[in-house]
Protein chains: 2
Amino acid sequence: MILVYDTAVERNPKVLKTCRKYLHWTQRSVFQGELSTAQFRALMAALKTTIDPDYDSIVTYAARSPDMIESSTLGVDLGGPGDIL
Amino acid sequence: MILVYDTAVERNPKVLKTCRKYLHWTQRSVFQGELSTAQFRALMAALKTTIDPDYDSIVTYAARSPDMIESSTLGVDLGGPGDIL
């Protein structure tokens with residue numbers, strides 16, 4: 001799945017820390033990884049307590065299989081799932 | 001496809017304008033839409049002339065079929081493809 005966060009600057013470090021527990025960081029505001037349903041729920045629950053739902057936004061995209069998604073990067077590439085973060 | 005941009009503030013308006021020609025805006029830094037291969041190439045070519053490849057980053061994710069992707073939003077929802085932007 002892909003997760004894109006758009007949160008206020010003061011909440012970014014906490015959101016980053018939470019997302020990093022479950023996913024790989026692929027771009028300044030994008031995470032990627034494979035999660036079970038239970039992991040996904042745990043991540044969403046953790047983020048819910050972190051964000052301000054009236055200001056922040058977190059969008060996730062999940063595909064039935066990771067092979068079904070092709071990704072490409074223009075400009076700076078912060079590294080794919082293979083990187084240790 | 002999903003497009004996430006992370007560009008320097010001074011280039012954001014131009015990147016936004018270019019992306020809006022082809023895609024729907026779904027979050028502060030995220031666009032979504034269905035593009036033909038020709039449209040995708042045209043968008044990438046336009047963005048290439050706009051961004052600084054040493055600083056900016058644009059990541060795209062394409063699925064074989066839009067039905068294969070499920071999206072969900074936590075917090076502010078800027079509106080899906082149905083919105084007029």
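Trainee: Is Asp6(A) buried or exposed?
Mentor: In this predicted model, Asp6(A) is buried, because its relative accessible area is 13% and the cut-off for that class is under 20%.

Trainee: Where does Asp6(A) lie, and what is in contact with it?
Mentor: Asp6(A) lies in strand E1 of chain A, which covers residues 2-6. Setting aside neighbours within four places in sequence, Asp6(A) is in contact with Tyr55(A), Asp56(A) and Ser57(A) from its own chain, and with Gln27(B), Arg28(B) and Ser29(B) from chain B.

Trainee: And what about Tyr5(B), is that one buried or exposed?
Mentor: Tyr5(B), which lies in strand E1 of chain B, counts as buried, because its relative accessibility is 7%.

Trainee: Switching to the cores: which residues have the most contacts inside the largest one?
Mentor: The largest nonpolar core has 15 residues, and those with the most contacts inside it are Leu3(B), Tyr5(B), Val15(B), Phe31(B), Leu47(B) and Ile58(B). The elements that give two or more residues to this core are strand E1 (2-6), helix H1 (12-22) and helix H2 (37-48), each of chain B.

Trainee: What does Leu47(B) touch?
Mentor: Beyond the residues up to four places away in sequence, Leu47(B) touches Leu74(A) from the other chain, together with Leu3(B), Val15(B), Thr18(B), Cys19(B) and Ile58(B). There is also a second, separate core of 14 residues, which includes Leu3(A), Trp25(A), Ile58(A) and Leu74(B). As a general background, nonpolar side chains tend to be buried together in soluble globular proteins.

Trainee: Okay, chain A as a whole. How many helices and strands are there?
Mentor: Chain A has two helices and five strands, and from the N terminus on these elements run β-α-β-β-α-β-β.

Trainee: What is the radius of gyration of chain A, and what would a compact globule have?
Mentor: Chain A has 13 Å, which agrees with the value near 12 Å that a compact globule of 85 residues would have. Along the principal axes, the C-alpha atoms of chain A fill a box of roughly 35 × 30 × 25 Å. Of its 85 residues, 44% count as buried, and among contacts with a separation of 6 or more, 68% come from residues 24 or more positions apart.

Trainee: What about the surface and the charges of chain A?
Mentor: Chain A exposes about 4700 Å², with carbon and sulfur atoms supplying 51% of that area, while the mean positions of its 9 positive and 10 negative charges are 9 Å apart.

Trainee: Lys21(A), buried or exposed?
Mentor: Lys21(A), found in helix H1 (residues 12-22) of chain A, counts as exposed because its relative accessibility is 65%. Its C-alpha atom is 8.5 Å from that of Leu43(A), a residue 22 places apart from Lys21(A) in sequence.

Trainee: Last one, where is Pro53(A), and what does it touch?
Mentor: Pro53(A) is in the loop between helix H2 (37-48) and strand E4 (57-63) of chain A. Leaving out residues up to four places away in sequence, Pro53(A) touches Gly75(B) and Val76(B).

Notes: Residues are numbered from 1 along each chain as its sequence is written. Chains are lettered from A and ligands numbered from 1 in the order in which they are written. This is a predicted model: local features need pLDDT of at least 70, side-chain atom pairs count only at pLDDT 80 or more; totals for chains, interfaces and linings use all residues. Side-chain values use heavy atoms; hydrogens and water are left out. A nonpolar core is a set of buried Ala, Val, Leu, Ile, Met, Phe, Trp, Tyr and Cys residues joined through side-chain atoms within 4.5 Å. Buried means under 20% relative accessible area, exposed over 50%, partly exposed in between (1.4 Å probe, protein chains only). Helices (H or I, at least four residues) and strands (E, at least two) are DSSP runs, numbered from the N terminus. Contact means heavy atoms within 4.5 Å. The radius of gyration is taken over C-alpha atoms; the globule rule is 2.2 Å times the number of residues to the power 0.38. Accessible areas come from the Shrake-Rupley method with a 1.4 Å probe; for residues, only the protein chains shown count as cover. Lys and Arg count as positive and Asp and Glu as negative; His and the chain ends are not counted. The place of a charge is taken as NZ of Lys, CZ of Arg, CG of Asp or CD of Glu.
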